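Let's take a walk through this model together, starting with its open space and then turning to how its side chains pack.

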Amino acid sequence: YFFFLSGFVLTVSRLDSSAPDELKPTPRFIADRLVTTYPVYLLGLLFEVAYDARINFEPTAYTAYSLVSWRTFAKHLLLVQAWWPNEVVENWTQQEPAWFMSALLSYWAVFGAFYRVLRRLPAAALWPTLAALWACSWYVWADCALHGWVTSKDVVTSKRGYFYGYHPLAYVHV
């Protein structure tokens with residue numbers, strides 16, 4: 001829901017501007033979004049590492065923070081962890097907020113292109129386009145139901161479940 005709401009707010013604010021078709025270059029657009037979100041995200045990420053260190057770095061558990069854990073942490077720092085959902089889910093205890101930021105970064109990168117396409121569509125094509133995009137969500141549900149896959153944060157029963165549950169491409173239609 002939040003991806004839909006975020007895209008809606010960005011689009012409406014762009015449409016209400018004095019020059020709705022003059023978009024910022026993608027790197028500038030992303031930088032403007034990150035200035036307000038990344039500092040708090042980084043603080044939360046550092047708190048998570050400190051929390052994990054307190055739990056895992058006890059004298060008997062020095063091997064708990066492995067190379068894979070540090071690699072996963074680096075992916076979180078760079079906001080690319082959602083592109084490797086299997087590794088992130090298996091090696092990070094509190095990955096959901098970080099996953100969200102990684103997915104948002106992906107969507108900010110394609111916002112301008114999607115916006116331009118939707119602006120060029122005739123008004124009569126907007127509702128059928130919305131219906132087609134909405135149907136993509138039903139495809140995911142049907143595929144998971146057909147195979148008995150669960151994609152909740154507590155239980156993921158397949159590698160495709162990881163994809164549907166956490167990979168940004170699984171939500172791009174939203």
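How do the residues lining the largest pocket divide into nonpolar, polar and charged? There are 27 nonpolar, six polar and one charged, where Ala, Val, Leu, Ile, Met, Phe, Trp, Tyr, Cys and Pro count as nonpolar, Asp, Glu, Lys and Arg as charged, and the others, Gly among them, as polar.

Before going on, keep in mind that this is a predicted model, in which local features need pLDDT of at least 70 and side-chain atom pairs count only at pLDDT 80 or more, while totals for chains, interfaces and linings use all residues. Residues are numbered from 1 along each chain as its sequence is written, and side-chain values use heavy atoms, with hydrogens and water left out.

Back to that pocket: it holds about 1200 Å³ of space. A pocket here is an open set of points on a 1 Å grid over the protein atoms alone, where a 1.4 Å probe fits, with protein on both sides within 12 Å along at least five of seven lines; lining residues have an atom within 4 Å of a point. The volume is the space filled by probe spheres set on the points, which are joined across faces, edges and corners. Of the 34 lining residues, Phe4, Leu118, Leu133, His173 and Val174 are the closest to the centre. Two or more residues each come from α1 (2-15), α5 (96-120) and α6 (123-147), and α5 gives the most, with 12. Helices are DSSP runs (H or I, at least four residues), numbered from the N terminus.

Of its 22 residues, Phe3 and Trp108 touch the most other members. Leaving aside neighbours within four places in sequence, Phe3 has contacts (heavy atoms within 4.5 Å) that include Trp99, Tyr107 and Val174. A second, separate core of five residues includes Val140, Cys144, Trp149 and Tyr164.

Now look at Arg119, also in α5. Arg119 counts as partly exposed because its relative accessibility is 38%. Not counting residues up to four places away in sequence, Arg119 touches Leu15, Pro20 and Asp21. Arg119 and Leu15 sit 104 residues apart in sequence, with 9.4 Å between their C-alpha atoms.

Definitions and conventions
Core = buried A, V, L, I, M, F, W, Y, C linked by side-chain atoms within 4.5 Å. Buried < 20%, exposed > 50% of the residue type's maximum accessible area, 1.4 Å probe, protein only.
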